[in-house]
Amino acid sequence: MLGLQLPLGLISIAGHATTSKELHWLLSGFAGIIMCKIVYQLTGAISPLFFVAYVKLDDQKKLEWNNRGFSTFHALLVAAASLYLLLESDLFDDGPQDELMINRTSAFSDTILGISTGYFLADLAMILYYFPSLGGTEYVLHHGLSMFAIVQSLLSGQAQIYIFMVLFTESTTPFVNLRWYLDVAGQKNSQLYVCNGIALFLGWLIAISLAARNWPSQSLRASSTVEHTAWRFHLWFVCG
């Protein structure tokens, strides 16, 4: 495969994006899309059995309810995977490894990023199809930039540790979605709504603290300062 060089030395895929890896990424992305489809259908089938408020919703609200179902599932999956890769696995250990931390990847990390790309693609397709019912231009930009950053990381084999730090903040998404569920169910004045708001705030603080704690320093010296700065700028823009 021919190497591709983009401006600022941001991404170089010569020798990294092999045929087997490309197939792996494509299958992982397809798995992410199928995951969204299955969870979307299950949410619509199970919700009427457990939530009386769901039956009373109009079609547009039911659509968003089901959409937030696979949004929550994806958030739990990538947050758990990010926590494991950042803290439990030895992939990003600051130990005596020859590979620069910014260049470290694994089959598991590639799979998670592929699945996440599939999720963003599926969700973006729904947002565009039902635009603006599921979100406005800001959602389109967020999902587009998220896929851009993840695909860059996969193709180059670089900066996966940064990506997983950002993906770990998805741990707050279930609280955001629960806030919406309680709102449309008429439970905005309930104690659960208040507790969920507190949990959302604390969860965000924990996620940011964990990311700051694991932000690499000396061991993350990349091949060029410009390249490092570009990755940080892209990920900051996506996270923001």
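Rings of Phe, Tyr and Trp count as an aromatic pair if their centres lie within 6.5 Å, with the six-membered ring used for Trp. In this predicted model, a search of the whole structure finds ten aromatic pairs.

**Aromatic pair of Tyr40 and Phe70**
- Tyr40 and Phe70 form a tilted pair, with 6.3 Å from centre to centre and 55° between the planes.
- Tyr40 belongs to helix H1 (residues 19-50) and Phe70 to helix H3, so the pair ties together parts that are 30 residues apart in sequence.
- Tyr40 counts as buried because its relative accessibility is 18%, and buried means under 20%.
- Phe70 also counts as buried, at a relative accessibility of 2%.

**Aromatic pair of Trp65 and Tyr181**
- Trp65 and Tyr181 form a tilted pair, with 4.5 Å between the ring centres and an angle of 50° between the planes.
- This pair links distant parts of the chain, as Trp65 is in helix H3 and Tyr181 is in helix H7, 116 residues apart.
- Trp65 is buried, with a relative accessible area of 5%.
- Tyr181 is buried, with a relative accessible area of 16%.
- One aromatic cluster is formed by Phe51, Tyr54, Trp65, Trp180 and Tyr181.

**Packing of helices H3 and H7**
- Two packed helices are described by the angle and the distance between their axes.
- The axes of helix H3 (residues 59-88) and helix H7 (residues 173-184) come within 9 Å and cross at roughly 160°.
- Angles over 145 degrees count as roughly antiparallel, and H3 and H7 are therefore roughly antiparallel to each other.
- The crossing of H3 and H7 is left-handed.
- On the H3 side, the contact is made by Lys61, Glu64, Trp65, Arg68, Gly69, Ser71, Thr72, Ala75 and Leu76.
- On the H7 side, the contact is made by Thr173, Pro174, Val176, Asn177, Trp180, Tyr181 and Val184.
- By class, the contact of H3 with H7 has eight nonpolar, five polar and three charged residues.

**Surroundings of Asn66**
- Asn66 lies in helix H3.
- Asn66 is buried, as its relative accessible area is 7%.
- Leaving aside residues up to four places away in sequence, Asn66 touches Tyr40, Thr43, Gly44 and Tyr54.

Methods. Residues numbered from 1 in each chain as written. Predicted model: local features only at pLDDT ≥ 70, side-chain atom pairs only at ≥ 80, totals over all residues. Heavy atoms only, no water. Axes fitted to C-alpha atoms, helices over the stretch in contact; angles between N-to-C directions. Helix = DSSP H or I, 4+ residues; strand = E, 2+ residues; numbered from the N terminus. Parallel < 35°, antiparallel > 145°, perpendicular 65-115°, else oblique. Left-handed = near helix turned anticlockwise from the far one by under 90°. Contact = heavy atoms within 4.5 Å. Nonpolar A, V, L, I, M, F, W, Y, C, P; charged D, E, K, R; others polar. Buried < 20%, exposed > 50% of the residue type's maximum accessible area, 1.4 Å probe, protein only. Phe/Tyr/Trp six-rings, centres within 6.5 Å; stacked < 30°, edge-to-face > 60°.
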